[in-house]
Amino acid sequence: MLDRFGEQTPTRRSYGISASLSEREAEYHSQRPPTPLLDTVNYPIHMKNLSLKELQQLSDELRSDVIFHVSKTGGHLGSSLGVVELTVALHYVFNTPQDKLLWDVGHQSYPHKILTGRRDKMPTMRQTNGLSGFVKRSESEYDSFGTGHSSTTISAALGMAVGRDLKGAKNNVVAVIGDGAMTAGQAYEAMNNAGYLDSDMIVILNDNKQVSLPTATLDGPAPPVGALSGALSKLQSSRPLRELREVAKGVTKQIGGSVHEIAAKVDEYARGMISGSGSSLFEELGLYYIGPVDGHNIDDLITILREVKGTKTTGPVLIHVITEKGRGYPYAERASDKYHGVAKFDPATGKQFKVPAKTLSYTNYFAEALIAEAEQDSKIVAIHAAMGGGTGLNYFLRRFPNRCFDVGIAEQHAVTFAAGLACEGLKPFCAIYSSFLQRGYDQVVHDVDLQKLPVRFAMDRAGLVGADGPTHCGAFDVAFMACLPNMVVMAPSDEAELLNMVATAAAIDDRPSCFRYPRGNGIGVPLPENYKGTAIEVGKGRIMIEGERVALLGYGSAVQYCMAASSIVAQHGLRVTVADARFCKPLDHALIRSLAKSHEVIITVEEGSIGGFGSHVAQFMALDGLLDGKLKWRPVVLPDKYIDHGSPADQLVEAGLTPSHIAATVFNILGQAREALAIMTVQNA
Amino acid sequence: MPHLAASPASAAFAVAVAGGGRAGFRPPPRATTRARAAAASGAASAYTAMPAQPQPTFYDLLGISAEGSSFEDVRAAYRRMARKYHPDVSPPDAAKEHTRRFIQVQEAYETLSDPSRRTTYDRALARGVCRLAFSPAARRHDASAFYHQEQEEKSGWRTSWEGQISELKKRSTVKDAEENLSWGAQMRRRRAEQS
């Protein structure tokens with residue numbers, strides 16, 4: 001059968017997902033789509049003998065497979081669909097794993113994983129003991145460098161290239177980085193160094209014009225932030241450079257092939273002449289620019305990659321590939337967020353299966369609270385680093401378009417930018433995930449805390465985060481914030497407390513402050529009108545349950561675990577005290593002293609690493625002489641290892657932070673091992 | 001190369017070959033029709049081709065510059081031109097010509113005021129493919145028209161990266177010459193000596 005281009009359409013098109021550019025009726029099935037060619041490919045070596053047409057068919061089947069698997073497990077869909085052809089081309093041309101292939105952020109690596117021996121494990125994606133949603137060295141030898149935070153691959157690739165040079169090896173090193181990740185400073189640090197060292201390596205700039213996440217505001221697609229996107233667009237229509245090249249080509253043709261050197265030098269001059277057009281941005285940094293290239297045309301990709309691979313000394317080369325996020329799945333192509341991260345969905349309709357919840361997420365409550373504060377105080381502004389949806393600030397943006405700043409993936413800049421705003425008397429709220437704030441830590445210390453500027457940090461995703469795994473886990477923020485001399489550090493135990501703490505932070509105007517809250521939904525407590533919280537007294541905790549002998553002093557969401565633990569303990573006849581510290585800095589000294597005086601044991605509980613809340617309490621108690629008597633202190637913290645991705649419940653078990661663990665700890669300290677064992681047996685049953 | 005002096009683009013070229021970065025050097029003029037037509041026709045005749053009837057671009061029609069003109073500039077220019085060429089205000093003997101112009105100006109505005117269509121148009125211009133031949137496709141907004149435009153752009157991309165690849169190869173032959181003192185070049189020379 002001939003299609004409109006007069007080409008023979010393969011008969012397989014009558015079923016399965018049609019992932020090509022023809023406007024046929026695409027059919028999507030909930031059953032596994034047939035993938036005859038993909039079934040023969042377990043590792044890249046099985047692809048090496050395929051023809052171009054077969055590689056195109058392989059790409060189509062790979063695309064269907066990705067859609068099918070993500071529909072069953074949830075995960076990152078749009079980005080993976082955008083790089084299907086690129087993945088196939090890279091594995092076809094290069095000899096992985098000897099050739100190193102690095103994926104920035106790693107969420108687009110689903111096709112890569114399918115092609116490198118993990119197709120049968122795709123149903124376990126992002127689940128406990130299953131495949132990681134990002135690239136992980138310990139998972140496969142084809143995963144050259146672990147990622148999760150963005151913009152690290154050029155640096156790592158340069159390191160691998162230089163290491164290869166020092167060893168005298170000959171393999172290729174290829175880093176794939178997106179245009180969003182390109183907004184981060186580290187990418188430029190790396191390119192600058194790469195240009196200087198001049199080591200052979202390839203950087204593939206995967207440009208799909210989606211610079212922020214999720215790739216839309218509430219009301220539609222977000223225009224890319226930053227000047228870089230404009231520059232990248234100009235690259236696609238860079239007239240002067242192209243024309244000059246044409247002239248140069250013509251001249252060399254006329255002169256003849258023997259005058260390569262002069263032509264090469266002329267080219268250098270020509271490049272130097274043209275500034276203001278985008279490609280010279282990369283070339284000024286010392287990378288040879290090739291592009292733009294159609295990222296969905298396998299023929300083009302393979303040609304270019306082969307040529308670059310086959311050229312002996314290239315130095316660093318940047319190939320600018322244009323792709324479309326969500327390509328090949330019409331629902332994704334049309335969605336304003338391009339189906340960046342999805343729950344399980346029905347492939348035939350694109351509808352996601354969202355579990356209905358009684359309460360909103362903490363992220364939503366934060367956004368509402370901030371809006372409520374900003375209604376009354378015009379000085380409040382919000383800053384985030386390319387995470388409008390993830391931090392809930394898209395709502396703030398809609399309500400106050402001029403008071404919400406998306407700086408791109410640039411946490412360091414976000415923090416210092418907020419510091420600058422604070423200097424001018426504004427009240428900046430920096431909403432950055434706990435683990436991403438690690439990237440801006442020096443700025444927090446040096447630019448904010450040292451100068452005592454009143455910047456407020458709202459750290460979402462504190463503690464364990466479930467399917468995203470250790471790269472996104474906010475384990476360390478209590479430790480690294482509470483050790484700063486001027487910082488006020490607090491954590492809400494439920495959503496009402498969160499609203500109050502937003503108000504408290506808004507009121508603290510003479511020093512920096514921060515508060516952390518977990519991923520997940522609220523527990524269901526009464527909320528104030530219009531989400532407007534009331535400021536609480538700084539350094540004041542509260543007692544939740546009055547009891548005896550043992551005091552559970554919880555911080556943040558751990559207070560809920562303590563409450564649950566106290567019910568378990570109560571079943572065995574002991575009523576323990578549960579207190580919510582609320583503040584790690586300044587600590588509620590009076591509360592701690594009173595607990596120390598009236599109990600035998602104090603157990604501090606937090607969902608954070610060592611060196612955080614518990615350590616501060618212990619320090620205080622030691623200095624205050626409270627530990628010199630009969631009092632015992634035990635900390636419950638995240639263990640000294642990285643907790644792998646999985647369901648939140650499984651992660652808590654792995655971390656030893658479940659209510660059952662806490663209850664068992666209580667009995668263990670009191671010497672009642674039988675009760676402790678009973679509790680743990682019930683949990684494990 | 002005496003005959004290189006003929007065209008402006010190659011004049012710039014000659015300067016570069018001769019003297020390197022002299023202060024007085026002026027970058028190649030912003031795409032004269034001559035250079036563009038030459039580029040479109042495949043470069044070998046860059047300094048000998050006499051172009052066909054030089055066609056104005058949408059930017060010329062509106063009298064604005066191609067780079068850096070904002071939506072406001074486009075709109076202001078459109079209003080000026082529309083007032084000038086509207087059939088109702090033009091003298092009767094020029095009515096036909098003015099009507100034709102007016103329609104062109106109208107179309108120019110429609111294309112240039114829409115950011116995505118403007119980008120597509122810019123790319124097509126860069127490849128020297130069209131000026132006003134945009135019209136039939138531009139009228140239709142359905143997916144297949146857009147698809148065809150996209151395909152045309154992308155075939156233009158191919159020409160450019162093929163050129164870049166051949167330059168890369170040329171460069172690589174001289175890359176590790178003795179003058180290149182970069183770390184990478186030193187390591188490559190050392191490896192070449194050892195093997």
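**Strands and a buried aspartate**

Guide: In this predicted model, strand β8 (residues 380-384) of chain A runs parallel to β10(A), and the two pair over five bridges.

Visitor: What makes β8 and β10(A) a pair?

Guide: Pairing requires at least two bridges. β8 and β10(A) have five bridges, so they count as a pair. One of the partners can be named: A:Ile380 is bridged to A:Lys427 in β10(A).

Visitor: How do you know that β10(A) also pairs with β11?

Guide: By the cut-off of at least two bridges. β10(A) and strand β11 (residues 456-459) of chain A share three bridges, in the parallel sense, so they pair. Here A:Phe429 stands opposite A:Arg456 of β11(A).

Visitor: Why is strand β10 called mostly covered?

Guide: Strand β10 (residues 427-431) has five of its five residues buried. Both faces are covered: A:Lys427, A:Phe429 and A:Ala431 are buried on one side, A:Pro428 and A:Cys430 on the other.

Visitor: Why is A:Asp580 called buried?

Guide: Buried means under 20% relative accessible area. A:Asp580 has 0%, so it is buried. A:Asp580 sits in strand β16 (residues 577-580) of chain A. Among the residues A:Asp580 touches are A:Ser493, A:Glu497 and A:Leu591.

Visitor: What makes the approach of A:Asp580 to A:Arg582 a polar contact?

Guide: The limit is within 3.5 Å. A polar side-chain atom of A:Asp580 lies 3.1 Å from the backbone nitrogen of A:Arg582, so the distance meets the limit.

How values were computed: Residues are numbered from 1 along each chain as its sequence is written. Chains are lettered from A and ligands numbered from 1 in the order in which they are written. This is a predicted model: local features need pLDDT of at least 70, side-chain atom pairs count only at pLDDT 80 or more; totals for chains, interfaces and linings use all residues. Side-chain values use heavy atoms; hydrogens and water are left out. Helices (H or I, at least four residues) and strands (E, at least two) are DSSP runs, numbered from the N terminus. Buried means under 20% relative accessible area, exposed over 50%, partly exposed in between (1.4 Å probe, protein chains only). A polar contact is a pair of N or O atoms within 3.5 Å; within protein, one must be able to donate a hydrogen and the other to accept it, and residues adjacent in sequence count only if both atoms are side-chain atoms. Contact means heavy atoms within 4.5 Å. Lists of a residue's contacts leave out its neighbours within four places in sequence.
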